[in-house]
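Trainee: Could you take me closely through one part of this model, starting from a single residue? I'd like the cut-offs behind each term as we go.

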Amino acid sequence: MNADSDRLHELVNQHVTLRQMLGHGPFNEHQYSYQSLVDNLRLFTPELLDKINTLVVQEGHVLVKKGGAALRGRCDSFVVETNVHYPTDMTLLLDALRKILTLIGRGCEAAGPRDFRQYRHSIKTFKRLVRAAQMKKRCKAKEAEGTTLDPAQQAHQTLLESARKQLDKVGRTLTLLQHVRPDALCLEEIQGFIVHAERQIEQIERRVIHGEVIPHAEKVFSLFQPHTEWISKGKAGVPVELGVRVGVVEDQYRFILHHRVMAGETDDKVAVAIIRDAQHKFPDLRACSFDKGFHSPANQQDLAKQLDQVVLPRKGKLSQERRAIEHSVMFKQARRHHAAVESAINALEVHGLDQCPDHGIAGFKRYVALAVVARNIYRIGDILWQQEQAREKRRRAAKQGWQNKSAA
């Protein structure tokens with residue numbers, strides 16, 4: 001349902017059907033507290049949800065799988081976005097300084113020193129400097145006479161000087177508070193944001209003032225969700241996605257057998273591992289199709305040892321032998337069926353995986369695992385509904401035939 005904790009809290013206390021599923025009556029003899037729901041949801045670890053998903057899929061196979069038929073998989077990956085704003089050097093610096101000033105300001109309020117009694121005003125002042133630098137960057141003003149910096153560079157220089165002054169003041173106050181009231185400080189958190197702020201100051205100076213190009217490996221795309229990656233998959237109208245790749249393996253019955261959160265990994269690095277893990281749960285998985293992103297010579301060889309049929313197109317120019325394989329009837333048929341995995345990905349996005357609102361990589365993995373379990377349970381419900389509709393149709397046909405026979 002893509003519900004947040006507030007909506008879940010309201011449903012579990014007010015929704016009659018849901019309360020009956022939990023063993024309670026429609027009246028308010030038992031109410032769940034908000035914190036209890038949050039704490040209990042955290043007990044669903046990704047490992048536990050993975051075991052639950054395996055049991056759900058096995059029960060689903062009882063409904064549709066005939067005999068010892070082998071499973072044929074379809075493997076693909078997609079991006080689950082994290083709940084972050086578009087990252088620029090200045091907005092990341094603003095995030096870091098805002099958290100530093102807020103934490104140190106609250107520490108001063110609790111401990112007594114009046115160094116940061118106007119920390120809210122300082123945040124607003126710095127925010128105005130960021131907006132001014134952004135506006136100067138957009139306009140193409142001429143260089144001012146007598147200076148080597150253009151107006152945009154001057155605005156950035158003013159921003160950096162203000163940030164350095166604030167960090168110097170924070171350093172002095174931290175030294176004082178550590179001797180007076182060390183318990184009033186979130187010292188480790190403050191020092192972490194100071195490191196972020198110093199890095200962003202250095203990168204802004206290198207990029208704007210000195211004209212350097214910052215290597216991609218040195219960039220951070222979110223201070224609060226550090227696992228966020230800058231992903232460009234070349235989709236039409238979607239130049240970049242901010243999130244983490246998730247790989248899924250779906251079978252011919254449209255159950256998701258296995259998923260993998262690909263933090264810092266690409267498709268070609270996980271092809272063998274994701275099939276190995278899927279086969280550990282479902283040994284009768286004997287065939288699987290992929291797209292070209294999963295190709296590498298090593299993957300072709302290793303997957304051929306694990307599977308009876310590997311449908312993995314090669315990149316680049318094909319040899320005559322390989323062209324004959326990829327133009328065979330069996331290969332083409334498997335490629336056509338592979339497109340159905342996009343339906344599974346769309347279904348997962350409908351069940352909440354368009355964007356992850358949870359925090360941290362552990363919360364991200366739990367949220368993805370919950371969505372996979374929800375999708376497979378929904379699939380079982382769909383199968384049961386279709387079977388019930390088919391039985392009802394047969395009953396109506398039999399009844400109609402009996403009435404026609406009686407009339408005759």
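Mentor: With a relative accessible area of 43%, H337 is partly exposed (buried is under 20%, exposed over 50%, partly exposed in between, using a 1.4 Å probe and protein chains only). Before we go on: this is a predicted model, where local features need pLDDT of at least 70 and side-chain atom pairs count only at pLDDT 80 or more, while totals for chains, interfaces and linings use all residues. Residues are numbered from 1 along each chain as its sequence is written, and side-chain values use heavy atoms, leaving out hydrogens and water.

H337 sits in helix α12; helices (H or I, at least four residues) and strands (E, at least two) are DSSP runs numbered from the N terminus. In sequence H337 is 85 residues from Q252, yet their C-alpha atoms are 8.7 Å apart in space.

H338 also lies in α12, which covers residues 329-338. Its relative accessibility is 6%, so H338 counts as buried. Leaving aside residues up to four places away in sequence, H338 touches R74, C75, S289, F290 and D291, where contact means heavy atoms within 4.5 Å. From H338 to Q300 there are 38 residues in sequence and 17 Å in space, C-alpha to C-alpha.

Another spot to check is R254, in the loop between β3 and β4. Its phi is near 70°, a positive value in a residue other than glycine. R254 counts as partly exposed because its relative accessibility is 34%.

Both of those strands, β3 (241-251) and β4 (256-262), are packed against by the buried residues of α9, as are α4 (46-64), β1 (71-82), β5 (285-289) and α10 (297-306). Those buried residues are D267, V270, A271, V272, A273, I274, I275, A278, Q279 and K281. One of them, A273, is where α9 bends by about 25°, the bend being the angle between axes fitted to the seven residues ending there and the seven starting there.
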